[in-house]
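Biologist: Good morning. Could you take me through this structure, beginning with the ligand and then moving to the helices?

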Amino acid sequence: MGNCFGSEEAEDAAVAAVKAPAPGRLQSTEAAATTRRGRMGAAPSSAHAPMSAGHAGRSSSFTSSSSRSSHVPSVSGSVEVAGAPPYPEQPEGMILEAPNLRIFTFAELKAATRNFKPDTVLGEGGFGRVYKGWVDEKTMNPARSGTGMVIAVKKLNPESVQGLQEWQSEVDFLGRLSHPNLVRLLGYCVEDSELLLVYEFMAKGSLENHLFRKGSSYQPISWSLRLRIAIGAARGLAFLHSSEKQIIYRDFKASNILLDTHYNAKLSDFGLAKNGPTGGDSHVTTRVLGTYGYAAPEYVATGHLYVKSDVYGFGVVLLEMLTGLRALDTGRPAPQHSLVDWAKPYLADRRRLARLVDPRLEGQCPSRAALQAAQLTLRCLSGDPKSRPSMAEVVDALEEIERIKARPKAALASREEDASPRVSARSAGGGHASHAHVHGHHRHHSPRPRSGSDGARSGHPSARVR
Ligand SMILES: Nc1ncnc2c1ncn2[C@@H]1O[C@H](COP(=O)(O)OP(=O)(O)OP(=O)(O)O)[C@@H](O)[C@H]1O
Ligand SMILES: [Mg+2]
């Protein structure tokens, strides 16, 4: 297709400073105005015309890595992956010459989702609601609910400021990318003012839900599963970074890591993706977009976007996985709003590390693994992009951590003689922060943030920079 991984000239032209974060969806005033004018006002690009070739079975380029593993709830009630090798062998992925997508009519998607019935809603983000639908596996025509293939349909909310440009970006980038750790975009619909995207259905929802949501449908996920998810997501990012044009994802966060039936991780949402620098430049300059709490500091401060800006976001998610706490939570006491600011000193200190680890991981996380994960997280969160590891290095480091097996009594949280204090799992099930119980000599100084809105907040918790 003509629009080769979009140039975003308008965006490049306007580097807007980000105002101080406030609850809810955020953007600088200038950015907001640009977004509404530039994105929502324009007609859909005619560059999409070649895609009308229809759906041609991109599935052939994917192996179903997920089918080789299965999950069972562990004895402790946290979700565990049984038996399987650390992570299934992955094909390398590919970038297609042109998007190969099925064009749906609005009527088809209406039928597939039972008229966008509220009980088919899977979630809601800045773009709009995401619905569950059913189509025939071969023809992709709407099917009766419960039959055929399940799909996820993202429907633009007319009020959304994300709109057209992100929709276009999703089609341009994700429509051409094929990798086991990237969600498959199956097709789209553009009709009058309706913009929709159709994805493969990710049965276990987002990592964000599993880490932070309360309720019986969200069991805490085990340490080994967290590592598997981290490795999968890291492979997805490494694939993007290793491509010829070095795709920068720009919106790495827990809600954009989706999980299939077997908890294989796949990145979704390429609305902010951008081609990396060319001609020997170290960065591209763009308007600051992304999500507070995850965006790299140099990018927020200057609009200079590096490939390594994604690595910072990865470090934030790793920290969320390690702690079970949200990157940003204004429901916590002020000094703890930012997880990174609060947690960094603990990551660097072996003796204090145990107090940081999610109490729901009690007895599962070998202390050496926690230590190495903390060191890796710190490197990813380095203030200087050049000091951050590449995503390929991150994958290697995580695989090494995965090989560390718990020795009897060696798991971080159950080792009485360890210099680290013990963290109990009294808060298992989501109410972690305020109930976290620290045993040992640091017990009266638990540094873990009070829960604030962690896990309990409804609506959309990540304030996005728009
Ligand atoms: N392919 C999918 N399969 C299953 N559920 C999905 C799929 N895509 C999205 N969802 C669900 O819909 C929710 C909203 O997703 P969406 O990408 O619109 O917003 P978000 O990532 O939470 O926020 P933002 O708009 O800031 O990126 C997800 O958290 C997830 O639970
Ligand atoms: Mg998303």
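Modeller: The conversation below covers the ligand shell and then some helix pairs. This is a predicted model, in which local features need pLDDT of at least 70 and side-chain atom pairs count only at pLDDT 80 or more, while totals for chains, interfaces and linings use all residues. Residues are numbered from 1 along each chain as its sequence is written, and chains are lettered from A and ligands numbered from 1 in the order in which they are written.

Biologist: How many residues surround ligand 1, and which are the closest?

Modeller: Ligand 1 is surrounded by 23 residues, and the closest are G123, G125, G126, A152 and M202. A residue counts here if its C-beta atom, placed from the backbone, lies within 6 Å of the ligand.

Biologist: Which strands each supply at least two residues of that shell?

Modeller: They are β5 (121-124) and β7 (149-156). With three residues, β5 gives the most to the shell. Strands (E, at least two residues) and helices (H or I, at least four) are DSSP runs, numbered from the N terminus.

Biologist: How do the shell residues divide into nonpolar, polar and charged?

Modeller: Nine are nonpolar, 10 polar and four charged. Ala, Val, Leu, Ile, Met, Phe, Trp, Tyr, Cys and Pro count as nonpolar, Asp, Glu, Lys and Arg as charged, and the others, Gly among them, as polar.

Biologist: Why does ligand 1 lie between the two domains?

Modeller: Both domain 1 (10-200) and domain 2 (207-418) give residues to the shell, so ligand 1 lies between them. The domain bounds come from an automatic or database domain assignment.

Biologist: Now the helices. At what angle do α8 and α10 cross?

Modeller: The axes of α8 (residues 307-323) and α10 (residues 367-380) cross at roughly 150 degrees and come within 8 Å. Axes are lines fitted to C-alpha atoms, for helices over the stretch in contact, and angles run from 0 to 180 degrees between N-to-C directions. The two helices are therefore roughly antiparallel, a term for angles over 145 degrees, whereas 65 to 115 counts as roughly perpendicular, under 35 as roughly parallel and the rest as oblique.

Biologist: Which residues of α8 and α10 meet?

Modeller: V311, Y312, F314, G315, L318, L319 and L322 in α8 meet A373, A374, L376, T377 and C380 in α10. This contact has 10 nonpolar residues, two polar and no charged. Two residues are in contact if their C-beta atoms, placed from the backbone, lie within 7 Å.

Biologist: And how does α8 pack with α9?

Modeller: α8 and α9 (residues 339-347) pack at about 70 degrees, with axes 11 Å apart. That makes α8 roughly perpendicular to α9. The contact joins V316, L319, E320 and T323 of α8 to L339, V340 and A343 of α9.
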